[in-house]
Amino acid sequence: MTNGAVPLTQSIAWKALLEHYEAVKGLHMRDLFAKDPGRGARLVCEAQGIYLDYSKNRLTDDTMRLLLDLADAAGLRVAIDAMFRGEKLNVTEHRAVLHVALRAPAGAAIRVDGENVVPKVQAVIEKMAGFANLVRSGQWKGHTGKRIRTVVNIGIGGSDLGPVMAYEALRAYSDRALTVRFVSNVDATDIAESTRDLDPAETLFLICSKTFTTQETLTNAQTARAWCLQALKNDAAVARHFVAVSTNAGEVEKFGIDPANMFEFWDWVGGRYSLPSAIGLSLMVAIGPERFREMLAGYHAMDEHFRTAPFDKNLPVLLGLIGLWYGNFFGAESHAILPYDHYLGRLSAYLQQLDMESNGKRVDRGGSVVNYQTGPVIWGQPGTNGQHAFYQLIHQGTKLIPCDFIGFCRSLNPMGQHHDLLASNLFAQTEALAFGKTAAEVEAEGVTPALVSHRTFPGNHPTNTILVEELTPEMLGKLIALYEHKVFVQGTVWRINSFDQWGVELGKVLAKRITPELTSGTDPDLRHDSSTNELIRRYRRFRRMG
């Protein structure tokens, strides 16, 4: 409970939804569509070039009205306005959550502690653009005078997931003369394989770490530095082969990077929201400043839609409330993101962090333990590959898994019938999940009685379909912002802080304690639990034998 408010599950709006759920939980989509032939054209929302069909859900007009009442009761409009004003919604760290400022146009005014931060943001974007143009044109030379041909982004979490997802998504717009790679895992295999076939004289590393102390990132950065200097033999080479995205000028300079080649971002930017900041430098180098700005314009357009559109015609609000309906009333524990575009192969992984790090919380903003589900497990894979992997469970398994299908009307690589086949699979899957196949329909096909139950599909599996014309930088920005704001909607209703991530800290602290115990020359005095102690001893024994 927050600030003395009535507990969420005891609120009038929640109780009304619970009563409604009991009345409609047995409804089947076959019946909903049969009784309302216009449902498929009516339960849609179109804005910003995005067509959202939410008709294939287990809900009625009353459901939507009650969900919108819940949003109003939760103070969603007040929360949205507070975020855009720069209020410190991250209450545990006393920070604003102004990722929307990263994509605000020049001339806008968004304030943090009374200061308009937009000019600073624009200055960094201009600096990034200047640097990206130097690399792309060949004017930025390595230490030996060779042109840079490979860019390696070293980061982790939001400093990796966003850039690599967006690079893969926009690869069709990238400069194919440049190779762009991404290193995140502290497992040495990651950086070993990423650099194995590279020429250090033609390689540029972008080290992305807000504090420049993140263990995984700095370990990989030091390994990259040693790899580079082993070949180039001069510490002065670091200044031509390494740049930093950070706020810690002292540590950056200590590493050997010229502070003039440090690109800044701010503590009101959460890592999982940082792609439009300097963290996106590798992407800007790949696709060019103009395309990058198109992506920022897409973000901003969705920001404005979220800020101003009525809730019943607001894409993030609708997605957030529908997801909440399944998680909190039907008991669904996961949500699948299924993009039917090969370029979006990393989107599900990106949205995992965005959603699960934001709303994977067990206490509300006041610190009280909640008695309702919060963030779902986010997972998925591009179609049609997923159809041959896990769709079986969605169609005929025992779990309810709401899905978002994302499709495009035009392919960036038109070849024969490929795209029509891809789109037909998308539409067919949502139809099959909604309506299934009854036992009577199976029997009418002459199926052996013993196999009827095996070939019956219950249907009634909920899906949203997001359909847009084409995958462009602008559209990618809109899609990312759509899901960012969906997460905000749900976190607001659940009364949780979507902008801290204390859950990632404990493991880091314990790892720092364990590391010297693994490498100590003597048997350390282990003071963990008996399982961890034995694992450490076994690891040390086999490590010595290697």
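A pocket here is an open set of points on a 1 Å grid over the protein atoms alone, where a 1.4 Å probe fits, with protein on both sides within 12 Å along at least five of seven lines; lining residues have an atom within 4 Å of a point. Its volume is the space filled by probe spheres set on the points, which are joined across faces, edges and corners.

The model is predicted: local features need pLDDT of at least 70 and side-chain atom pairs pLDDT 80 or more, whereas totals for chains, interfaces and linings use all residues. Residues are numbered from 1 along each chain as its sequence is written, and side-chain values use heavy atoms, without hydrogens and water.

**View 1. The largest pocket and its centre.** The volume of the largest pocket is about 1,100 Å³. Of its 40 lining residues, Thr214, Gln501, Val504, Glu505 and Lys508 lie nearest the centre.

**View 2. Helices in the lining of the largest pocket.** At least two lining residues come from each of α7 (158-169), α9 (215-232), α15 (347-359) and α21 (505-519); helices are DSSP runs (H or I, at least four residues) numbered from the N terminus. The largest share, five residues, belongs to α21.

**View 3. Helix α1 against helix α4.** The axes (lines fitted to C-alpha atoms over the stretch in contact, with angles from 0 to 180 degrees between N-to-C directions) of α1 (residues 12-24) and α4 (residues 61-73) come within 9 Å and cross at roughly 160°. The two helices are therefore roughly antiparallel (angles over 145 degrees). Ala13, Trp14, Ala16, Leu17 and His20 of α1 meet α4 residues including Leu66, Leu67 and Leu70, contact meaning heavy atoms within 4.5 Å.

Conventions. Angles under 35 degrees count as roughly parallel, over 145 as roughly antiparallel, 65 to 115 as roughly perpendicular and the rest as oblique.
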